[in-house]
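Dear colleague,

I am handing over a structure for you to look at, and below it I have written out what was found. Please keep it open beside this email as you read.

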Amino acid sequence: MKKLNHKSIGYGTAFLVMASCAAPKVAGLRKARELPGEIVSTHQGSVVFQEINLKAYFTDQHLLELFDKVVQANPDFQIARQRVEIANSFLQRSKMDLLPSLEIGASASGDRYGKYTMEGVGNYDTNLSPNITEDQKINRDFTPNYWLGARSSWEIDAWGKLKNKKLAAQKKYLASAEGLRLLQVELFTDIANLYYQLVALDNRLAIYEKNYSLQQRAFEIVLAQREVGKATELAVQQFKAQNNNWLAEIEHIKVEIVTVEQAMTTLTGSYGGEIRRGSVLMPTNMEILNKNINVEAVIHSRPDVASNYYVLESSQADAKAAKAAFYPRIDLGAGFGLNAFSAGTFFNPASLAGQLLGGLMVPVFNKGQLKHEFNVATSEQEIAFLNYQKSVTTAFNELQSILKQTRIYEKVLKLKAEEVGFLDRGVEVSNDLYVTGYANYFELINSQKSKLQAELDLLQFRHQNTRNNVLLFKALGGKLN
């Protein structure tokens with residue numbers, strides 16, 4: 001009968017183990033859709049594009065100082081740094097889960113057993129035994145228990161659950177580190193755009209002030225012509241009106257400068273102060289455009305794409321850990337120390353005691369919960385892939401668009417610069433023609449307005465080209481140090 005019972009227990013245990021092993025499958029690590037081999041607008045030459053460096057790409061020292069200031073003082077960046085530290089702490093903790101736990105401690109307790117209890121009768125009977133010494137007799141009125149030693153437990157990672165949890169934590173840490181790099185790139189992009197907007201406003205202010213001075217020269221000519229009866233009061237009033245219009249624009253530009261400076265001091269965590277800056281907008285880096293770009297390498301070097309890929313790897317590791325939870329859990333435990341029921345014998349070598357434990361826990365009634373957790377992990381893996389694919393698509397289209405726009409801006413800037421040159425000469429001619437009576441005041445005003453507008457248009461295109469070049473650094477996944 002005993003043999004039958006043992007067999008039944010063995011069969012039952014084997015059945016439970018086999019039932020627990022019916023775990024779902026984890027989807028493989030999916031790859032993004034294949035990228036085109038080349039971007040249409042890149043140069044087909046023999047020189048290969050190499051990863052660009054921040055300080056080699058941005059050469060304005062005032063801007064580089066602002067980059068350093070943003071890293072040191074921007075609160076959003078400091079918060080992101082702390083999140084990376086949190087992710088690192090989770091990673092270190094996951095590594096500890098693979099190791100046995102060890103606790104060292106002491107405990108003391110005492111019991112008073114009733115005479116009609118199993119323990120009370122047992123202690124009474126033990127004290128009457130001829131096989132024990134006087135030191136081994138138990139105090140029946142109050143039975144103490146002292147323990148000093150160490151206990152250890154260890155979950156054997158037979159199915160890779162803890163290993164995959166550690167891998168998931170590692171990938172999440174790498175994703176957070178890339179997220180920090182992405183935030184840094186975005187902050188640098190924001191501060192660079194504001195910086196060059198400030199430079200553009202300075203240039204715009206200078207254009208208005210220069211043209212206002214030229215307008216004053218023409219106005220003096222008109223005043224002189226009116227004195228001798230060659231110009232009317234209408235011409236004088238028209239010139240005065242245009243002068244006031246330009247003066248108002250000059251004051252409005254000063255308001256815009258204050259607004260941009262305030263935005264920059266907020267980004268750098270400062271309480272106001274002057275923004276030191278140069279006077280030249282960023283030129284196009286034609287050297288980059290004249291190199292062959294490895295699209296695959298550039299796209300995956302970007303922090304947004306890299307971060308999403310690490311999240312994808314982490315989600316797969318989480319799914320594998322959720323699958324491993326369906327398998328039996330194997331635990332080992334051990335304890336070693338001094339254990340006695342009297343203080344006098346506590347440090348006696350005979351009080352040394354030890355314990356070994358082994359356990360096999362098979363999930364049965366909580367399999368439904370494990371299944372739901374696995375389904376969540378699977379959905380998270382699908383979401384992570386979709387975000388990864390989206391970031392790859394966005395990065396490719398952004399890079400291609402910026403490269404194409406950069407080439408177009410080069411053509412536009414050349415044409416606009418020639419237009420300004422033509423109109424500069426036109427203003428000189430119109431002044432001479434007005435003095436000699438071959439042009440009227442209306443033509444003189446229009447020539448100066450056309451010149452001003454052309455200079456403002458050229459400045460606007462230079463500013464747009466600069467913003468495009470700032471975004472190009474981000475699109476090419478530039479290194480920050």
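Let me begin with K254, which counts as partly exposed because its relative accessibility is 37%, a value that lies between the cut-offs of 20% for buried and 50% for exposed. Please bear in mind throughout that this is a predicted model. K254 forms a salt bridge with E251, and the closest N and O atoms of the pair are 3.4 Å apart. E251 is also partly exposed, at 46% relative accessibility, and both residues lie in helix 7 (residues 233–267), three residues apart, which is about one turn of the helix.

A search of the whole structure finds 20 salt bridges, and another of them joins E455 to K210, with the closest N and O atoms 2.9 Å apart. This pair links distant parts of the chain, since E455 sits in helix 12 (residues 441–475) and K210 in helix 6 (residues 161–227), 245 residues apart. At 7% relative accessibility E455 counts as buried, whereas K210, at 41%, counts as partly exposed.

There is also a sheet to examine: four strands form an open sheet in the order 1-2-3-4, with antiparallel pairing. Strand 1 (101–111) and strand 4 (352–361) stand at the edges, each with a single partner strand, so one side of each has no neighbour in the sheet. From one strand to the next, the twist averages 25°. Strand 3 (residues 329–340) pairs with strand 4 in the antiparallel sense over ten bridges, and the bridge partner of A334 in strand 4 is L356.

Definitions and conventions: Residues numbered from 1 in each chain as written. Predicted model: local features only at pLDDT ≥ 70, side-chain atom pairs only at ≥ 80, totals over all residues. Heavy atoms only, no water. Pairing = 2+ DSSP bridges. Helix = DSSP H or I, 4+ residues; strand = E, 2+ residues; numbered from the N terminus. Axes fitted to C-alpha atoms, helices over the stretch in contact; angles between N-to-C directions. Salt bridge = Lys/Arg side-chain N within 4 Å of Asp/Glu carboxyl O. Buried < 20%, exposed > 50% of the residue type's maximum accessible area, 1.4 Å probe, protein only.
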